[in-house]
Amino acid sequence: MVCGERLIIWKICQTAVAKLSVCKELQLPSSEYNYTADLVAVSSGAPLETAAVQSISVLAVSVEGTARLWPSMAQEGNYTEADVDLGDLCNFVVAVRGGSFVLSSEKSRLLRASVDSSGRLQHRALQQGQGMLSGIGRRVSSLFGILSPPANDTVSHADGFSL
């Protein structure tokens, strides 16, 4: 739950033995804009209900592009911060497998963010149409001689978006 510039995370790390819910309150980076839950993502290698608190990480990004990553909820005071250049305003953050995150801008630019071995937040632009099945429509169409000029497609996100 986002409340102003605070992020409250609860009902994580419940164990069958303790039935204890861990609750964390994190300070989000300063922003001139209001935060929304779309600008925060929680990641873990296991389902959040059964994950160890050490394995849960959180990334919050301000609309302007200040990214703050908590690599482990066991040490909520330990975070890394970086400015990410999306070219315009950030509007969505999603966790993906492998402990990384994808950020999207209002103009559909995508960045992948993760922590390197020294604990710094690294990010790189994702090229659109670089997936295993990219361009398959054009290749199949060319087999039938109905190739049309490529369209100017944009990537959009919806609930359940993943890479």
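## Close-up views of a predicted model

View 1. Strand β5, which spans residues 57-61, is mostly covered, with 5 of its 5 residues buried. The model shown here and in the views that follow is a predicted one.

**View 2. The pairing of β4 with β5.** Strands β4 and β5 run antiparallel and are joined by 4 bridges.

**View 3. Ser 43 and the residues around it.** Ser 43 belongs to strand β4, which covers residues 40-43. Its relative accessible area is 7%, and Ser 43 therefore counts as buried, the cut-off being under 20%. Leaving aside residues up to four places away in sequence, Ser 43 touches Ser 55, Ile 56 and Ser 57, and also Ala 95, Val 96, Gly 99 and Phe 101.

**View 4. The hairpin of β5 and β6.** Strand β6, made up of residues 66-70, pairs with β5 in the antiparallel sense, and 4 bridges link the two. Ala 60 has Arg 68 of β6 as its bridge partner. Between the strands of this hairpin there are 4 residues, and Gly 65 adopts a positive phi near 110 degrees.

**View 5. The salt bridge of Arg 68 and Glu 81.** A search of the whole structure gives 3 salt bridges, and this view shows the one in which Arg 68 meets Glu 81, with the closest N and O atoms 2.6 Å apart. Because Arg 68 lies in strand β6 and Glu 81 in strand β7, the pair ties together parts that are 13 residues apart in sequence. Arg 68 is buried at a relative accessible area of 9%, whereas Glu 81 is partly exposed at 40%.

**View 6. The salt bridge of Glu 25 and Arg 6.** The side chains of Glu 25 and Arg 6 form a salt bridge with an N to O distance of 2.8 Å. Glu 25 is placed in strand β3 (residues 22-27) and Arg 6 in strand β2 (residues 6-12), so this pair ties together parts that lie 19 residues apart in sequence. Glu 25 is partly exposed, at 42% relative accessibility, and Arg 6 is also partly exposed, with a relative accessible area of 30%.

**View 7. The salt bridge of Glu 76 and Lys 24.** In the salt bridge between Glu 76 and Lys 24, the closest N and O atoms are 2.8 Å apart. Glu 76 is in the loop between β6 and β7 (80-83), while Lys 24 is in strand β3, so the pair ties together parts that are 52 residues apart in sequence. Glu 76 counts as partly exposed at 32% relative accessibility, but Lys 24, at 11%, counts as buried.

**View 8. The aromatic pair of Trp 70 and Tyr 79.** A search of the whole structure finds 1 aromatic pair. Trp 70 and Tyr 79 form this tilted pair, with 5.8 Å from centre to centre and 55 degrees between the planes. Trp 70 counts as buried at 1% relative accessibility, whereas Tyr 79 is partly exposed, with a relative accessible area of 39%.

Definitions and conventions: Residues numbered from 1 in each chain as written. Predicted model: local features only at pLDDT ≥ 70, side-chain atom pairs only at ≥ 80, totals over all residues. Heavy atoms only, no water. Buried < 20%, exposed > 50% of the residue type's maximum accessible area, 1.4 Å probe, protein only. Contact = heavy atoms within 4.5 Å. Pairing = 2+ DSSP bridges. Salt bridge = Lys/Arg side-chain N within 4 Å of Asp/Glu carboxyl O. Phe/Tyr/Trp six-rings, centres within 6.5 Å; stacked < 30°, edge-to-face > 60°.
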